[in-house]
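Welcome! Please work through these exercises with the structure open beside you, and try each task before you read its solution.

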Amino acid sequence: MRYAFTAEEEEFRSEVRGWLGEQLPDGWNGINEDSEEGWRLNREMRTKLAGKGWLTLAWPPEYGGGGASFMKQVVFNEEMAYARCPGIDGSAIKMLGPTLMIHGSEEQRRTLLPPVARGEVEWCQGYSEPDSGSDLASLQLRVDETDDGWVVNGSKIWTSNAHRADWIFFLGRTNQDAPKHRGISFFVADMRTPGIEVRPIVNMAGDHHFNQTIFEDVQLPKDALVGERDRGWYIGATLLDFERSGVQYSANGRRILGELARFAKEQIGADGRPVAEDSLVRNRFAELDVDIECARLVAYEVAWMQSVGQVPNKEASASKILGTQLMQKLAKFGTELGGMYGMLGPGSEFAPIDGKYPKMQLTALSSTIAAGTTEINKGIIATRGLGLPRG
Amino acid sequence: MDIGLSETQQLIRNSAREFLEENCDTQYVRAMEEDEVGHTEELWDQIAELGWLGLTVPEEYGGAGMTFSELAVLLEETGAAMLPGPFFSTAVIGAEALKLAGSDEQKTELLAKLATGKLKMALAFHEKAAAWAPESVSEMTATQTDDGWILNGEKRFVQDGAASDMLIVAARTGEDPKSGITLFLVENDNSNVESRELKTTGSDRMSVMSFGEVSVPKGAVLGEVNGGWPILEKLFQYGAAGKCAEMAGAGQKLLDNTVDYVQNRVQFGRPIGSFQAIQHHAADMAIEVQAGRQLARQAAWFLGEGLDATRQVALAKAYLSEAYPRICATAHQCHGAIGFTHEYDLHLWTRRSTGQRLAFGDTKLHQETLARSVGL
Ligand SMILES: Cc1cc2nc3c(=O)[nH]c(=O)nc-3n(C[C@H](O)[C@H](O)[C@H](O)COP(=O)(O)OP(=O)(O)OC[C@H]3O[C@@H](n4cnc5c(N)ncnc54)[C@H](O)[C@@H]3O)c2cc1C
């Protein structure tokens, strides 16, 4: 047991922190990554990160990775989240990469992965469909085999960043007769392929983040298939475990708590004293401090399991639940601290901390839904983790 | 004890629900969010016609002479429908202010106009401190002249300020925090009154209003000179109770919408409403709506009967300021991704919940009242 990073990891942390500090503008406080400016900065930072060899830090060198340990990756992810630095293509780096490394052909790895490592491409994830969200295995997007490849028809929905993506990985039904889990295959497609149409969906915070992605007679080559035909469900499921692990929540939370603490010291309450002196406020800070630490350690546990070759499962679900509930609590607290000013959004006169928190209160609502809802994750903990019977 | 609605109250509820379904659907609410003014005169005239504005205005001044209980029943419905426009500011705050503190002359002239839809009102109370406390009135001054007063200063968080015809302005006229505040009725057609919008995430129609050398006649004082704070305290009680009624009504609407959705959304071959996790969410919402509605109605009844409602209002607002945003969040959780879209209506309620939670005192403020009331 050792609750500390190694000297080398700590040194790497300082290096990353120092470098990010130099790259990001003075007074940098993060950006709405759905905005045009946010996307521009994302691409810019991505290229720079690739140049440092950090973009795909833990990937093997032969695919353009840095061959770093899981823990070094954790340190890097923490620093990126703490710095609110854009530039990471989560779906390609955390999900597609590891999946191709296990299930892809050598050819697929060699052609698809290096461009990711160089920061040249954006990927999106086509899993959910209008009638298949939590019940992903019921998906209906139809993929028929032809002599020289595949034809795809159907619709994906909630595809984050599809409007910016160069490539999509998706699950489609290749066998109409098999039981639902056994008729699904995993594919990759160039988004410029004729017949793929991306329709924007504006979210409740007013941003264009996700989309509906329509496939109409889309012809794909044979090598669009990853792994075995009809075995895609099991490939897709590995990937979800990678997606659920994450230290970004606690690192982001730490940054937020620091930001709010500074605010509480400056903000004068109705009694003429700084809000930070109010014992109720202090108590809330302490509670959130504990919440952040819980999320951090459980995320470490997930990363550690991966580092020793175990597949985290209920641990990843617990980490996701702790992290996303933390985001919602922090957003609420950030709004409350401002008193009446807490209702002022981005761009408003007098808005504290750029009006970030009332907006975050809206966006954080989606965190307990995206990438597996809290209810589904609790079900995983109860059944797969604790062995309780399925309902 | 009679927990039920009277015949009149039922009538109010049913006719309001019917009218709002017809004339104030979410399409209208969305259109008004984008609209510069934020409401249509057509709908305003209709609700005046229905007698909603003068519901608690005494009959001698042209109103329906009902109690705050009846108004609260109506507010449950306007809250559920998110009725755009200065209805709350006028029918709750404006009407109660005039009833509480207006001179005979003011009542005769203004209440009649208010009840017939010819006088939209708003409260200009907050300044920099923006707490629901006397300290919030600090820089706004009123200087007495031979024939009246001159007002100078800036007010923040003036809800419906831009759309109103008349503002109730709290100004500092003495040093003592509580006994140095005077209320003034200021017409909003004065070129020395300027308004700028404060952008909230909830379309709350908040303004900053600045007053530069605004002269008002002697008769513009509402209540006594330096007697503003006790009136405001009482007004905040009506405001808080009114917001609770809105939240209780909106909570019921969200519960209904959610129950409807989970009955129709099928995953794993069955309605998601058949999963116990979703059933518990819906039950949690139902419990909070039920408790919240009782607390809100109790507070309204105490106010309507002219009893001391300090405790009842604090109980309701302390509860609903937490429970209602939670009801919104649970509704989202039950809806999944569809509820996170701009196209789906759920966010219309959610985005308003922050303003409702904060209006007339947040949880903490009302908890403090309760702590004192239990003897601490
Ligand atoms: C911001 C955001 C980004 C997203 N990005 C992507 C993306 O890039 N690619 C992609 O493919 N998808 C994406 N999604 C979709 C996401 O994966 C789904 O929203 C999620 O899986 C839930 O599906 P649903 O929205 O259809 O909700 P539903 O499955 O309809 O669920 C509704 C409610 O029912 C509950 N429920 C369902 N089944 C059960 C059960 N068996 N037991 C108990 N409760 C149950 C859920 O927990 C939820 O509370 C994104 C979603 C969001 C919000």
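**Exercise 1. Find out whether Phe236(B) is buried or exposed.**

Step 1. The rule comes first: buried means under 20% relative accessible area, exposed over 50%, and partly exposed in between, with a 1.4 Å probe and protein chains only.

Step 2. Phe236(B) has 8% relative accessibility, so this residue counts as buried. Phe360(B), with a relative accessible area of 9%, is buried.

Before you go on, note that this is a predicted model, where local features need pLDDT of at least 70, side-chain atom pairs count only at pLDDT 80 or more, and totals for chains, interfaces and linings use all residues. Residues are numbered from 1 along each chain as its sequence is written, chains are lettered from A and ligands numbered from 1 in the order in which they are written, and side-chain values use heavy atoms, leaving out hydrogens and water.

**Exercise 2. Describe the aromatic pair of Trp123(A) and Phe169(A), then that of Phe236(B) and Phe360(B).**

Step 1. A pair of aromatic rings is described by the distance of the centres and the angle of the planes. Rings of Phe, Tyr and Trp (its six-membered ring) pair if their centres lie within 6.5 Å; planes under 30 degrees apart count as stacked, over 60 as edge-to-face and the rest as tilted. Over all chains, this rule gives 31 aromatic pairs.

Step 2. For Trp123(A) and Phe169(A), the ring centres are 6.3 Å apart and the planes stand at 35°, so the pair is tilted. Trp123(A) belongs to strand β1 (residues 123-126) of chain A and Phe169(A) to strand β4 (residues 167-173) of chain A, so the pair ties together parts 46 residues apart in sequence. Helices (H or I, at least four residues) and strands (E, at least two) are DSSP runs, numbered from the N terminus. Trp123(A) and Phe169(A) are both buried.

Step 3. Phe236(B) and Phe360(B) also form a tilted pair, with 6.2 Å centre to centre and 50° between the planes. Phe236(B) sits in helix α7 (residues 228-264) of chain B, and Phe360(B) in the loop between α10 (346-358) and α11 (363-373) of chain B, so the pair ties together parts 124 residues apart in sequence.

Step 4. One aromatic cluster is formed by Phe88(B), Phe125(B), Trp132(B), Trp229(B), Phe236(B) and Phe360(B).

**Exercise 3. Work out how α9(B) and α10(B) are oriented to each other.**

Step 1. Axes are lines fitted to C-alpha atoms, for helices over the stretch in contact, and angles run from 0 to 180 degrees between N-to-C directions. The axes of helix α9 (residues 310-335) of chain B and α10(B) come within 10 Å and cross at roughly 160°.

Step 2. Angles under 35 degrees count as roughly parallel, over 145 as roughly antiparallel, 65 to 115 as roughly perpendicular and the rest as oblique. Therefore α9(B) and α10(B) are roughly antiparallel to each other.

Step 3. Sort the residues of this contact by class: seven are nonpolar, seven polar and two charged. Here Ala, Val, Leu, Ile, Met, Phe, Trp, Tyr, Cys and Pro count as nonpolar, Asp, Glu, Lys and Arg as charged, and the others, Gly among them, as polar.

**Exercise 4. Which residues does Ser348(A) touch, not counting residues up to four places away in sequence?**

Step 1. Locate Ser348(A) in the loop between α9 and α10 (356-363) of chain A. With a relative accessible area of 10%, Ser348(A) is buried.

Step 2. Contact means heavy atoms within 4.5 Å. Ser348(A) touches Leu198(B) and Lys199(B).
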